[in-house]
Amino acid sequence: MKKTIRFSSLALVACILLAGCEGDDFKYPEEPVNYAVVPYGYVLNQGSWGSNNASLSAIYLRGGQYMVSPDFYLKNNGQNLGDQAQDILMSEGGRVFVSVTNSKYIAKLDRNGVELARYSDFTNGPRSFVEADGDLFLSTYDGKVLRFDTATLTPKATYELGAWLEDIAVAEGNVVVSNSDYTGMGLGHSLGIINVASGRVTEVECAPNPTRLVAWNGDFFFTTTEYDASWNAVTKVWCLSDAGAANTIDSVTLATNLYPTDNCLLMMKQTVNYYVTPYAYSNNFLSYSNGTVSAVEPFKTDLSSAPVYMVQQHGDNLYVGISNYAASGSVLNSSLLIFDLEGNLVQRISDAGGVFLSKIVFAE
């Protein structure tokens, strides 16, 4: 049964930080495992641009305790994950897929983090995954969406859809990808639509520089970014409905980040002051449901000035990734904050094993 997120504007409340343990003594649960009792998964840390420090951590949660195995990929493969990890996907078949943009490869892993297969025939980097009809669809900076067989990690089809493809999502039998055309200084202005069953490809024009894109409630929501006369970024949210048919695009609101949840599309309008050290963040949260945008306070712990990098719902919890910086401005690591659907902080993992925590997936 799906749970409803209930947002509250009550004052901040004290939160109990539950104790955890971490280190090299972490033992990955043996199969078979009762996932309801022993949830575990993988934390993808994007890493800093050009630093070759992307990483994959394993995380094990039970009864208010946790274990984190940092550099999980490194420990099981004898090499770093690479430069600028972009996405991670747990397939229906139980395999883990990762994309590493600057290192220009995707990999298939088993549940122990061991690499089983790799594909690296990219001129520019791979980006984001979705799974549809048993296949893996991948957006790339090569301007193509590749359709892979998940068993062999070999391409089954290629779709030409622009110059610089970003996010990808699937709903109602259609895969949609955003085309930012970064090589043209953000002049791309289209969404590519692939009908999964027929392979038919269409393109729909939109405002310039579409980047973030998610599916929610059967529709596709995406952001576009333009600049005002003072070169301030103006990021708007749009809704693509009836994809592949009427292709109706409607304006939603101003926001910079999109987070699908069970009962609403959670959005965040984030501004960053890059002229101070460390950078100063300002966050305002919004929700969209039934055509209405509302200001919300989804978390009873104040995140209004936190460098939030990720918000994801999984089951009865919201997982929030926060980047931690030194006074000098250098990034230290990432924290993972776990909230219940009432917005209460139930667990804080101070070090999630890498920098710029971008996504978490669970094995179940």
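Which residue in β22 is the bridge partner of Lys-269? The partner is Asn-284. The model is predicted; local features need pLDDT of at least 70 and side-chain atom pairs pLDDT 80 or more, whereas totals for chains, interfaces and linings use all residues. Residues are numbered from 1 along each chain as its sequence is written, and side-chain values use heavy atoms, with hydrogens and water left out.

**View A. Strands β21, β22 and β23 pair in antiparallel fashion.** Strands (E, at least two residues) and helices (H or I, at least four) are DSSP runs numbered from the N terminus, and two strands pair if DSSP finds at least two bridges between them. Nine bridges connect β21 (residues 265-273) with β22 (residues 280-289), and six residues separate the two strands of this hairpin. Five bridges link β22 to β23 (residues 292-296), with Val-296 as the partner of Phe-285. Two residues lie between the strands of the β22-β23 hairpin, where Asn-290 has a positive phi near 55°.

**View B. The largest nonpolar core has 21 residues.** Such a core is a set of buried Ala, Val, Leu, Ile, Met, Phe, Trp, Tyr and Cys residues joined through side-chain atoms within 4.5 Å; buried means under 20% relative accessible area, exposed over 50%, and partly exposed in between (1.4 Å probe, protein chains only). Tyr-42, Leu-56, Leu-81, Ile-88, Val-96, Val-98 and Leu-109 touch the most other members. Two or more residues each come from β1 (40-45), β2 (55-62), α1 (72-77), β4 (85-90), β5 (96-100) and β6 (105-109). Apart from this core lies another, of 17 residues, including Tyr-259, Met-268, Val-320 and Leu-337.

**View C. Gln-46 is located in the loop between β1 and β2.** Its relative accessibility is 14%, so Gln-46 counts as buried. Beyond neighbours within four places in sequence, Gln-46 is in contact (heavy atoms within 4.5 Å) with Ala-54, Gln-84, Ala-85, Tyr-309, Val-355, Phe-356 and Ser-358.

**View D. Phe-97 and Phe-129 form an edge-to-face pair.** Rings of Phe, Tyr and Trp (its six-membered ring) pair if their centres lie within 6.5 Å; planes under 30 degrees apart count as stacked, over 60 as edge-to-face and the rest as tilted. Here the centres are 6.5 Å apart, with 65° between the planes. Phe-97 belongs to β5 and Phe-129 to β8 (residues 126-132), so the pair ties together parts 32 residues apart in sequence. Phe-97 is buried at 0% relative accessible area, and Phe-129 is buried at 4%.
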